[in-house]
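Thanks for coming, everyone. Let me put the structure up and walk you through it.

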Amino acid sequence: MKFRGKRQSLLEALTIVGSVVAPRSIKPILQNLRLVVDPGGATLLATDLEVAIRYRVELIEVEEGGDVLLPVQRLLGIFREADGEEVTFASDDRALRISCGKGSFKVLAEDPDEFPVVPSFDDEKAFVLDKDPFRLLIRKTTFATAREKTRYAFNGVRFEVEGDTARMVATDGKRMAVKSVGIDNPQDIKAGHIIPTKGLQTFDKVLTDSDEQVRINLEDRQVMIRTGCAEVSSRLVEGSFPRYDAVIPKNTVLSAPFEKQALLSALKQAAILTNDESRSVRLSFSEGKLVLTSRAMDVGEARVELETEIEGEAIDVAFNPDFLVEGIKVMDAERLKISVSGKDTPARIDGEEDFVYVVMPVTLRSG
Amino acid sequence: MASLIRVLPEEIANRIAAGEVIERPAAVLKELVENAFDADATHLEIDLEAGGTRLVRVRDDGHGMSTDDLALCVQSHATSKIASIDDLFRVASFGFRGEALPSIASVSETTILSRRAEDEVGARLQCRGGEIEGPVPAGGPVGTTVEVRNLFFNVPARRKFLKAERTELSQALEVVTRLLLPEPDVGVRVSHNGKRVLEIAPDRDLRGRVGALFGRRLVEPLLETEVQDGDISMHALIGPPSLARTNTRQQYLFLNGRYIKDRSLSFAIKDAYRGLIMPKEHPVTFLFIQVNPGDVDVNVHPTKTEVRFRDKDRVFGLVRRGVRARLLEDGADRPLKMGSQQAGAPATRATMLADLERELFSDSPTGSPAREADGPSVTFVPTAVPDDQVSTNPCKGHARARPVPLTEADAGMSGRFIQIHRSYIVVESSEGLRIVDQHALHERRLYEELLRRFESAEGEDQRLLVPEVVDLGAADQALLLDKSDDLKALGIEVEPFGGTSVCVQSVPLALSRLSPEDLVLGLVATLQEEGAKLDRRELCSEVAAGLACRAAVKFNDSLPDDEIAALLAWSARNPDARNCPHGRPVAVSVDLRELENQFQRKK
Ligand SMILES: Nc1ncnc2c1ncn2[C@@H]1O[C@H](COP(=O)(O)OP(=O)(O)OP(=O)(O)O)[C@@H](O)[C@H]1O
Ligand SMILES: [Mg+2]
């Protein structure tokens, strides 16, 4: 193996591919990436057995192709720290000599035979989506998945395709984000799958390239996407997922409009005086205003007032402020509306078109 | 054909029955000392030979016996202490069966010498294997001397079961300990094979008595408390959690001055230390409970260490509350033990006995007695200081320069801490430094938070948008649903859900780090362990402990500074929160003086 490439483009590729590699893998071999060089360029492959990626990089010149396993973290370190625009790779017995700017490194390479097979994209069954709407789906929902491991499929996002709509739904059991986009669906594909959070995050990373479209292939057990330079596959999450339309409240008792930025800032102020153990902010809606209050035993109290024109009855309802802030932040809208259905039933926030965010309140028990 | 069935002569019946109670010299000693107490003795002279197998002699200064009584006292069921069966339930004396002396006399060579104050001369009675001789007039001081020689001389089978001399002796000394602890105004002298082994003057108080029997070092750190609930009262000396042991040998429980064993009270003690010591550790406790003699039945077992209370729950409650309250009043970290200077473990009874035995039996194994481990031990290795940093006086030996202790205000508020290894937080304190276990402290805080909410029935609950359904199986489902009212008070709303599942509707906000499923499984585990017998309070303590552990930050979690500061501030406000609910210490501290020792700045 012998070739020359641009340090910057190799670094970008490595950063994306490296994000798939699990930092502490039970299988040490998975801490490596596979580098395959052919006359047309280089392919970087990595997997943690849940998500797999092949990433194509153009090279300046290939003298001789090859196939090796290299430790991701060390390579990343080299490409980050070294200077110079060009990098030269050359096999040297069982090692690889990398020269970059003033540095020269000899990295032991491993045998690629042991490396798991990274699936390649099957164009036959694929359908095409515009890249930007697909990205929107991911970005407006993934944050709402559960961080802790759960029994349900809450560590993933449900992806539905039906008619001319594609939709993603994410929930951690306490709040839910639902985003839909219109699509062309000439093949009339109908699908409903749960994609793990990490898969989606990796999708999001490779959707940066200049291609306008992304090809998607949904199979029984995995989903794959292909962009101009990358193919990413992700295992699907098994398990049941709640029906989003059953969760979104239909009958609300109050709704109130807000400036997005003003509401965000008020929530953040009130959240300052909460703590981990009592993370709640009380929203008191009354004629012409919303008063946000918080109180934490060992911290203090906050009170923030906002003007608004409420529609419906005055009500007090408490929420985890993080849930509200996270949902509101992703909304692409100047103004939004909070609708409350009761003290212990879900509230919804609308603003951006085709996006609904639902949050369950915190109730205050008192003896 | 001759009849095979015969009525056993009384003498043989006694010999058989004697085995039940009189198994070894220690049992003889116990009966004799109890009789002396019943006779209002204030001083005892005890002489033992060959661990008591050759001789047990108890001389008392009690009220003695008349010649007539002396003749009767070795007769079966002859007792001066009970006249009717009604009295049996009101016994305030040690003896009540009138069996001890006949039993002992039937298996030994017993001599009793007694004189009352009002009699000019006393009398002597001799008895060899039940054959009575006397009484004959005899001179002697006021009081009674009972001498039991050659125990089991006529029962070879029993003699075989006697243990080595030092085992018998240590059992006899244990008997003395149990009998004398609750009687601080009685003095005793014990000798063995002619050598004095114990001499205890009448003590002023309980602390003095425990000290006399167990050594000053054990008694000093003990916490004293007296509590009362109507006609039930408790006087106790209890060890701080740091004094906990790996066995229960240092737990003494007395009821109306009588040594007893009681599983339920042991549990009350364990419960009182819950969260303060490790589950496998046992605290040092000396508990003296008084109840109305009519409210307790001591006739459950012939050896009388088991009792039956009329109002068990009240006694239980008093013990648990009293001990717990006293423990929580006290507050200090465990000291960090430095490598070279093992903070001397308090002398234990085991080590005292070991010392004693070494002195008595030259053949006994020597070497330092095994000390019981208490608390974490950390080796402190002094680091070399580069020369250029120490060129000025502070190292020249007579270093006076000492760090100025911080004032309270500096200590908590200086904000000087660092997180090390994403696991511990090192904090400057007024006495030196504290090393805080982040998981243990956070766990304790969550635990208190959950308990507080339970007690005040207040709290914030995160309702679930998607109620979590967990299939538990029939048994666990029933276990959980049985407690659903109690759990609701904790903010955990569970409902039955088709088949063997339950459905979680809300979780306490403080536990929202935990997935509802983990929470339910944690609950079930707690319930399985402790069973359904827990009352609401105990249940909540258990549940809070179990869940707090699951929800607390773990080791290797890096913590932002403001969270650390909040944890430390909480700790400062709750100085009694010294252990996590499972008993691991929350913090250890290093005293400045100890640092000075280590750096050899102080002699
Ligand atoms: N040291 C003593 N001083 C005065 N009286 C004694 C002494 N020892 C025994 N007695 C008398 O002898 C009686 C018999 O003693 P013994 O120990 O056999 O029975 P008890 O103490 O009444 O009951 P128990 O069998 O439960 O010990 C006692 O009731 C008591 O009157
Ligand atoms: Mg007696």
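One caution before anything else. This is a predicted model.

So, chain B. It has 603 residues, and 40% of them count as buried. Its secondary structure comes to 19 helices and 23 strands. Look at the contacts between residues at least 6 apart in sequence. In chain B, 70% of these join residues at least 24 apart.

Go to strand 2 of chain B, residues 55-60. Of its 6 residues, 5 are buried. What does strand 2 of chain B pair with? On one hand there is strand 1 of chain B, residues 43-49, antiparallel, over 6 bridges. There, Ile46(B) stands opposite Val58(B). On the other hand there is strand 6 of chain B, residues 143-149, also antiparallel, with 5 bridges. Val58(B) turns up again here, with Val146(B) as its bridge partner. Strands 1 and 2 of chain B form a hairpin, with 5 residues between them. In that turn, Ala50(B) has a positive phi of about 50°.

Now helices. Helix 7 of chain B covers residues 206-214. Its buried residues are Leu206(B), Arg209(B), Val210(B), Ala212(B), Leu213(B) and Phe214(B). Note the arginine in that list. Just after the helix comes Gly215(B), with a positive phi of about 100°.

Next, a helix pair. Helix 9 of chain B is residues 263-272, and helix 10 of chain B is residues 312-329. Their axes come within 8 Å and cross at roughly 30°. Angles under 35 degrees count as roughly parallel, and therefore these two helices of chain B are roughly parallel to each other. The crossing is right-handed. Who makes the contact? From helix 9 of chain B, the residues include Leu265(B), Ala268(B) and Ile269(B). From helix 10 of chain B, they include Val315(B), Phe316(B), Val319(B) and Val323(B). The contact residues divide into 9 nonpolar, 1 polar and 4 charged.

On to the interface. How many residues of chain B are in contact with chain A? The count is 26 residues of chain B, against 31 of chain A. On the chain B side, four elements each supply at least two residues: helix 13 (438-456), strand 20 (459-471), helix 16 (516-530) and helix 18 (561-573). Strand 20 of chain B gives the most, with 9 residues. By type, the chain B side has 12 nonpolar, 6 polar and 8 charged residues.

Arg365(A) has Gly459(B) as its bridge partner.

Step back along chain A to strand 26, residues 355-359. Buried or exposed? Its 5 residues are buried, 5 of 5. Both faces are covered. Phe355(A), Tyr357(A) and Val359(A) are buried on one side, and Val356(A) and Val358(A) on the other. Strand 13 of chain A, residues 175-182, pairs with strand 26 of chain A in the antiparallel sense over 5 bridges. Met176(A) stands opposite Val358(A) there. Strand 25 of chain A, residues 347-350, is joined to strand 26 of chain A by 4 bridges, again antiparallel. Ile349(A) is the bridge partner of Tyr357(A). Strands 25 and 26 of chain A form a hairpin, with 4 residues between them. In the turn, Asp354(A) has a positive phi of about 60°.

Last item: a sheet in chain A. It is open, has 8 strands and pairs antiparallel, in the order 6-2-3-4-17-16-15-10. Strands 6 (66-71) and 10 (127-130) of chain A each have a single partner strand, so one side of each is left without a neighbour in the sheet. Neighbouring strands are turned by 20° against each other on average, direction ignored.

Inside the sheet, strands 16 (222-226) and 17 (230-235) of chain A pair over 5 bridges, antiparallel. Arg226(A) has Glu231(A) as its bridge partner. Helix 3 of chain A, residues 131-139, packs on the sheet and touches strands 10 and 15 of chain A. Its direction makes about 80° with that of strand 10 of chain A. Helix 4 of chain A, residues 197-206, lies across strands 4, 16 and 17 of chain A. It runs at about 170° to strand 17 of chain A.

That's the tour.

Notes: Residues numbered from 1 in each chain as written. Chains lettered and ligands numbered in written order. Predicted model: local features only at pLDDT ≥ 70, side-chain atom pairs only at ≥ 80, totals over all residues. Contact = placed C-beta atoms within 7 Å. Nonpolar A, V, L, I, M, F, W, Y, C, P; charged D, E, K, R; others polar. Pairing = 2+ DSSP bridges. Axes fitted to C-alpha atoms, helices over the stretch in contact; angles between N-to-C directions. Parallel < 35°, antiparallel > 145°, perpendicular 65-115°, else oblique. Left-handed = near helix turned anticlockwise from the far one by under 90°. Buried ≥ 20, exposed ≤ 12 C-beta atoms within 10 Å, placed from the backbone.
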